[in-house]
Amino acid sequence: MLSESHSGVLKLAAGFSDSLLSLKRETENLNKVNIELLGNSKHRGTVLSALPRDCSDVQDDGNNQNGVYSVFPTHDPDGFMVYCDMTTDGGGWTVIQRREDGSVGFFRGWEAYKEGFGKTTGEHWLVTLLMVLNEDGMMNITHLNINRIYFLTRSGGYELRIDMADFDNATAFAHYSEFSVGRDSVNPEEDGYPLNVEGYSGTAGDSLLKHSGMRFTTKDRDQDQSENNCASYYQGAWWYRNCHTSNLNGQYLSGGHASYADGVEWSSWTGWQYSLRFTEMKIRPHLKPVS
C-alpha cells in the first residue's frame, strides 16, 4: 500500500506528464509545417518564403479560427508559436500580451521579460514554447522573449490594437497605426527595446503616445527618465517615461484600489486607481487598401 507521500509524488508526476502532453500538442502545428515544407522543397529560400511570418499570413492561408499557430518572421527563420486573434476587426492579429485573471505575476525582472513568461493561451508576455525532442527523447523547452516583438516589427509596417475590459464588462480599445520595438536598433537589447508608436484612434483614449521613444524598464533595469525606478515604484514593467499614463504590466488589483497607478492601468479610460480586468495587446501588418 502506498504511503501518502508516495501517492503525492505519483500525483505530481501525473500532473507534470499531463502538462508536457499539453505543451507537445501545442507545438504539433510547428513540427508539421517544418517537416512538410522542408520535405517538399529543394531550396531553403523557397521554404522560408512559403512560411507565415505572422498571424496575418496564417489567415491568408485560410485559417480563420482563434488559436495557437506557428509563425516565422523574416529575421527569425526558426519560427515560434503565438496566439492569433482571427475575429477582431478583420482578424490576423498576433497577440503579444494578455491579462485576464491575475494568475500570472507580471512584476518581474529584465531576464524574465527577456525570456518571456506565462502561457500562450492565457496570461502571458510574448511567451511561446518551442519544444524539440533531443537524441535521448527528452523534450527541451525554450522560452522565447521580447526579442520576438523586435523580430516581428523591426521592418516596420505594423499596427497595434489594445483591447481592454473592466469588471462591469464595459469594453474599449486603442488603436495605433504605427508600432515597432527597436526598429532602428543594431543591438536592440543594449538600446533597451525602444518603443515607437503613432496614430491613435479608438474608444479608450490615448495612454501610450507619451511612452513613444522610451526604453523598456524593469525593477532591476532602470531605463526611464525619472529619478526613481518607475517599474519598482509602480509595480510593473513598461516603456516608462516619467513615469506613465499606462501600466498594462502592473499588478492585477481587480478594479478600484487605494494605491496609486500601480495596477493594470489605462489612465485615459479608467484613471490611475482602477486596475482593468482584461487587456490584450496585438499587432498585424497594415491592412492592404481595398481596391
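Biologist: Is Tyr252 buried or exposed?

Modeller: This is a predicted model, in which local features need pLDDT of at least 70 and side-chain atom pairs count only at pLDDT 80 or more, while totals for chains, interfaces and linings use all residues. Residues are numbered from 1 along each chain as its sequence is written, and side-chain values use heavy atoms, leaving out hydrogens and water. Buried means under 20% relative accessible area, exposed over 50%, and partly exposed in between, with a 1.4 Å probe and protein chains only. Tyr252 has a relative accessibility of 19%, so the residue counts as buried.

Biologist: How many aromatic pairs does the structure hold?

Modeller: Rings of Phe, Tyr and Trp (its six-membered ring) pair if their centres lie within 6.5 Å; planes under 30 degrees apart count as stacked, over 60 as edge-to-face and the rest as tilted. With that rule, the number of aromatic pairs in the structure is 14.

Biologist: What kind of pair do Phe167 and Tyr252 form?

Modeller: Phe167 is in the loop between β8 (158–165) and β9 (171–181), and Tyr252 is in the loop between β11 (246–247) and β12 (255–256), 85 residues apart. Helices (H or I, at least four residues) and strands (E, at least two) are DSSP runs, numbered from the N terminus. Phe167 is partly exposed, at 34% relative accessible area. The ring centres of Phe167 and Tyr252 are 6.2 Å apart and the planes stand at 70 degrees, so the pair is edge-to-face.

Biologist: And what kind of pair do Tyr260 and Trp272 form?

Modeller: Tyr260 is partly exposed with a relative accessible area of 48%, and Trp272 is partly exposed with 33%. Their ring centres lie 6.4 Å apart with the planes at 25 degrees, so the pair is stacked.

Biologist: Which ring has the charged end of Arg108 over it?

Modeller: A charge sits over a ring if NZ of Lys or CZ of Arg is within 6 Å of the ring centre and within 35 degrees of the ring normal. Arg161 gives one case, lying over the face of Phe173 at 4.1 Å from the ring centre. For Arg108, the charged end is 4.2 Å from the centre of the ring of Phe117.

Biologist: Which residue does a disulfide join to Cys55?

Modeller: A disulfide is a pair of cysteine sulfur atoms within 2.5 Å, and the structure holds two of them. Cys55 is buried, with a relative accessible area of 0%. Here the S to S distance is 2.0 Å, and the partner of Cys55 is Cys84.

Biologist: How many residues apart in sequence are the parts that Cys55 and Cys84 tie together?

Modeller: The torsion about their S-S bond is about -75 degrees, so this disulfide is left-handed. Cys55 lies in helix α4 (residues 55–60) and Cys84 in strand β2 (residues 80–85), so the separation of the parts they tie together is 29 residues.

Biologist: Is Cys243 buried or exposed?

Modeller: Cys243 forms a disulfide with Cys230, their sulfur atoms 1.9 Å apart. Cys230 is in helix α7 (residues 230–233), and Cys243 is in the loop between α7 and β11, 13 residues apart. At 12% relative accessibility, Cys243 counts as buried.
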